[in-house]
Amino acid sequence: MQNFTPISALIGGSLIGLSTVLLLWLNGRIAGISGIFHGLFPPRKNDFIWRLLFLLGLITGSLIYYFLPQIHFTPRTHYPIFLLILSGFLVGLGTKLSGGCTSGHGICGIARMSSRSFTATIIFIIFGLISVYFVRHILGVL
Amino acid sequence: MYNVVAFICGLIFGSGLTISNMINANKIQNFLDVTGNWDPSLLFVMFSALIVTWVGYKFILKKQHPQLTEKFFLPTKKSIDKKLVLGSALFGIGWGLAGYCPGPAFSALGLGILDAVYFMIGMIASLFVFPIVSFLKIGSSGNKI
């Protein structure tokens, strides 16, 4: 557990919580990233710009990295491209089918005490554990 | 104003993911790697986000409507169907394969991380396949289990 970073995890997690709370309180929307993304296609009137702007904010939010020297982050290199594309494909398809991802089901859904979200979260964590075991300990990709 | 709020909420969300280092796909995989060098950080991120959301939602959902619009947009589905189970399983597999879920992948894009670009190519490709999957009726929403 030498990489465990509880303090930054709690600060970051609270900010994510702040974002979900503000979005529901002001805009009446659930901050589920896959849902916001999938709602872009096909574009609907009065339901497009806010999604695009939220995602744009999400993308640029990472620029805080340049303002806080405390954040240490070294991007990994040489990860197999095939795995990255397949991963994105399965995440896109899976979240579209199940109607949510880590944020929509795992945070917002569980906070609403939704039994669908509890079920989804337990299933994706179990399959995530199996998948990482396969990638790291059977395929040997690190 | 509605759109400004959306942008700011995205910014806060993205900075939260960055501060907690969730944009580091290795860290996500370390959380899921219970037999290896396990890192429980993600659990702390989820729990703190969950607690803030849970408390906030409790107050907000007592109101008649949100501040800037006339109604709350909440999911209405209640049944646990095949689509939910199959979709969550596929998502979990994909999540583990590279260590990205949608939020961190978007935020990693902002730092120009190439891995996230490849991930997004896969995610966009899935948009074209979904209509075919729905057509085959794999786990149509009517099938309760």
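## Helices H5 and H6 of chain A

The axes of H5(A) and H6(A) come within 8 Å of each other and cross at roughly 150°, in what is a predicted model. Because angles over 145 degrees count as roughly antiparallel, H5(A) and H6(A) are roughly antiparallel to each other, and H5(A) passes H6(A) in a left-handed crossing. On the side of H5(A), the contact is made by His105(A), Gly106(A), Gly109(A) and Ile110(A), while H6(A) brings Arg116(A), Ser117(A), Phe118(A), Ala120(A) and Thr121(A). Sorted by class, the contact of H5(A) with H6(A) has 3 nonpolar, 5 polar and 1 charged residues.

In general, two packed helices are described by the angle between their axes together with the distance between the axes.

## Chain A as a whole

The secondary structure of chain A comes to 6 helices and 0 strands, and the pattern read along the sequence is accordingly α-α-α-α-α-α. Taken along the principal axes, the C-alpha atoms of chain A fill a box of roughly 45 × 40 × 30 Å. Chain A has 142 residues, of which 55% count as buried. Among the contacts in chain A with a separation of 6 or more, 44% are accounted for by residues 24 or more positions apart.

## The loop between H2 and H3 of chain A

Two backbone features can be located in this loop. A cis peptide bond, with omega of about -10°, joins Phe41(A) and Pro42(A), and the place of Pro42(A) is in the loop between H2 and H3 of chain A. Asn46(A) is also found in the loop between H2 and H3 of chain A, and its phi is near 60°, a positive value in a residue other than glycine.

Is Asn46(A) buried or exposed? With 8 other C-beta atoms within 10 Å, Asn46(A) is exposed, since a residue counts as exposed if 12 or fewer such atoms lie within that distance.

## Where chain A meets chain B

In the contact between the two chains, 97 residues of chain A touch 105 residues of chain B. The elements of chain A that give two or more residues to this side are H1 (6-27), H2 (33-38), H3 (49-61), H4 (81-98), H5 (102-111) and H6 (115-138). Of these, H1(A) gives the most, with 21 residues. When the residues on the side of chain A that touches chain B are divided by class, there are 60 nonpolar, 31 polar and 6 charged.

## Helix H1 of chain B and the residue after it

Helix H1 of chain B covers residues 2-19, and at 1.5 Å a residue its 18 residues should span 26 Å, which agrees with the 26 Å between its end C-alpha atoms. H1(B) is mostly covered, with 14 of its 18 residues buried.

Just after H1(B), Asn21(B) takes a positive phi of about 65°, although Asn21(B) is not a glycine. The place of Asn21(B) is in the loop between H1 and helix H2 (25-32) of chain B. Asn21(B) has 24 other C-beta atoms within 10 Å and is therefore buried, the cut-off for a buried residue being 20 or more.

## Helices H2 and H3 of chain B

The axes of H2(B) and helix H3 (residues 41-60) of chain B come within 8 Å and cross at roughly 95°. H2(B) and H3(B) are therefore roughly perpendicular to each other, because angles of 65 to 115 degrees are put in that class. The contact is made by Lys27(B), Ile28(B) and Phe31(B) of H2(B) and by Ser41(B), Leu42(B) and Leu43(B) of H3(B). By class, the residues of the contact of H2(B) with H3(B) divide into 4 nonpolar, 1 polar and 1 charged.

## Helix H4 of chain B

Helix H4 of chain B, residues 82-98, has 17 residues and reaches 25 Å from its first C-alpha to its last, close to the 24 Å expected at 1.5 Å a residue. H4(B) is mostly covered, as 14 of its 17 residues are buried. The helix is followed by Gly99(B), whose phi is positive, near 85°.

Note on methods
Residues numbered from 1 in each chain as written. Chains lettered and ligands numbered in written order. Predicted model: local features only at pLDDT ≥ 70, side-chain atom pairs only at ≥ 80, totals over all residues. Helix = DSSP H or I, 4+ residues; strand = E, 2+ residues; numbered from the N terminus. Contact = placed C-beta atoms within 7 Å. Expected span 1.5 Å × (residues − 1). Nonpolar A, V, L, I, M, F, W, Y, C, P; charged D, E, K, R; others polar. Axes fitted to C-alpha atoms, helices over the stretch in contact; angles between N-to-C directions. Parallel < 35°, antiparallel > 145°, perpendicular 65-115°, else oblique. Left-handed = near helix turned anticlockwise from the far one by under 90°.
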